[in-house]
Amino acid sequence: VSKQVLGQVLRELQPLCTAEQQFIEKFFQLSHSAADLQVLEVSMRTLSSLWLESSLSSHKATMQLLSEIFSCLEAELRGLLDVCNKVHPFSCLQVLVTLNDFVLEEWGSSSALHSSFLSTILGNLLLLAKSNFKRCIGTLCREMEEAKMPSKMKGGILPSLSRFEQFVNFSQELCRTARWRRELDKAHLRLARSVLSSIDNLSSANLKVSTDMVMMENFHHIHCFLCQKEILCLEGVKREAKQRYSEHMEKYITQNLGQPLEKLHHFFEGVKARVAQGVKEEEVSFQLAYSKQELRKVIEKYPGKEVKRALETLYRTTRKYLSPEENLLPVVWQAMQQEFIRQYLELEHLIQACYAGSGIAMDFTLEDLQSYFSSITLGN
């Protein structure tokens, strides 16, 4: 609505101001030919000082008369811009684009642009509109960076991300041409950096859930959004968001999965320490603390059915805290499965290397483990 109103006002004002200026120049014999104006602009230093003074005085007189006739015009237009800016949170961008488009499209081909009374006013309004837009972006960035996390926040997407998405969607719909790309790219990049900062601020927030989980989801969300929009100037931000998402997912998995076969891991940490001290792998079993009998005792603590039950509990806990709208459960669960299997294969390798021929093995095989994960996934 503000775009339509402002555009209509400018379109109706332009012929009125032009006609009034032409009348004054003709009636008071203050007009200059197009050739005179061109000489005035391009070759001033070649003109006689007397002719130049006369030309400038005539132009000044025209501007002075128009200023008196339209004495309140600029103030009224500034007031209109203020009203338009209040229509929508991002109306300042709409006002700026409307003004710029009007100057370029309606006046761009006119040789009278640089000497018209209206062009002076439009120039002042453009400066004001640019200032308002920069101030709006600056305020929005500060709001994102300084926003306090809700004390009862349990996860989900931060309001700053939604705000950023609203601006990007609004600006892309409005600025379809390349003429505003440079200024808009600066705003997009500045806002995107503030969004990343707002996510980083979560690390110091007192959340009721895993901080890494919330940061993972928010970095994932902004990465997916930027992939959809394909904004060239934000490619670096998109890559950074993906990297940060992966980092926090790894931390979240490590934090929640941990070492499900903890006592076995602890046992073999000691085994690896002995090997590092010079004990041969095949001789480790002769160490009292790491004998075959001790290994069997530890393995007995992890029967297959208990491992499966522990994985089911892990799945339910993960599903409970992940936000359903991000749909990260399949991704996180798959990553947990891969990490568990990696840990299992490492332990199996150590058993084969240090206790070869003993017949000692874990209560479940790799195939069993894969079936546990498969049944949990399908069953939920």
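A residue is called buried when its relative accessible area is under 20%, exposed when over 50% and partly exposed in between, using a 1.4 Å probe and protein chains only. The structure described here is a predicted model, in which local features need pLDDT of at least 70, side-chain atom pairs count only at pLDDT 80 or more, and totals for chains, interfaces and linings use all residues. Residues are numbered from 1 along each chain as its sequence is written, and side-chain values use heavy atoms, with hydrogens and water left out.

**Confidence**

- The chain has a mean pLDDT of 84, where pLDDT is the predictor's confidence in each residue, from 0 to 100. A value of 70 or more is reached by 85% of the residues.
- In the stretch of residues 33-56, the pLDDT is below 50. Beyond near neighbours in sequence, this stretch has 14 contacts in the model, a contact being heavy atoms within 4.5 Å.
- Where pLDDT is low, predicted coordinates should not be read in detail.

**Helix α8**

- Helix α8 covers residues 181-200; helices (H or I, at least four residues) and strands (E, at least two) are DSSP runs, numbered from the N terminus.
- The expected span of a helix is 1.5 Å times one less than its number of residues. For the 20 residues of α8 this gives 28 Å, which agrees with the 28 Å between its end C-alpha atoms.
- The buried residues of α8 include Leu184, Leu191, Val195, Leu196 and Ile199, and also His188, Ser194 and Ser198.

**Nonpolar core**

- A nonpolar core is a set of buried Ala, Val, Leu, Ile, Met, Phe, Trp, Tyr and Cys residues joined through side-chain atoms within 4.5 Å.
- The largest such core has 105 residues, and those with the most contacts inside it are Leu99, Phe164, Leu264, Phe268 and Leu369. Helix α6 (residues 117-146) supplies the largest share of this core, 14 residues.
- Apart from neighbours within four places in sequence, Leu264 is in contact with Leu295, Val298, Ile299, Tyr302, Leu347 and Met362.

**Aromatic pairs**

- Rings of Phe, Tyr and Trp (its six-membered ring) pair if their centres lie within 6.5 Å; planes under 30 degrees apart count as stacked, over 60 as edge-to-face and the rest as tilted. The whole structure contains 11 aromatic pairs.
- Phe268 and Tyr355 form an edge-to-face pair, at 6.4 Å centre to centre and 85° between the planes. This pair joins helix α11 (residues 262-276) to the loop between α14 (329-354) and α15 (366-379), across 87 residues.
- Both Phe268 and Tyr355 are buried.
- Tyr315 and Trp333 are also edge-to-face, at 4.8 Å centre to centre and 80° between the planes. Tyr315 lies in helix α13 (residues 304-321) and Trp333 in helix α14, 18 residues apart.
- Ring pairs link Phe267, Phe268, Tyr290 and Tyr355 into a cluster.

**Salt bridges**

- The structure holds 12 salt bridges, each a side-chain nitrogen of Lys or Arg within 4 Å of a carboxyl oxygen of Asp or Glu.
- Arg78 pairs with Glu74, with the closest N and O atoms 3.2 Å apart; both lie in helix α4 (residues 73-85), four residues apart, about one turn of the helix. Arg78 counts as partly exposed at 32% relative accessibility, as does Glu74 at 22%.
- Glu306 forms a salt bridge with Arg309, the closest N and O atoms being 2.7 Å apart. Both residues belong to helix α13, three residues apart, about one turn of the helix.
- Salt bridges that share partners join Arg193, Asp200, Glu240, Arg244 and Glu247 into one network.
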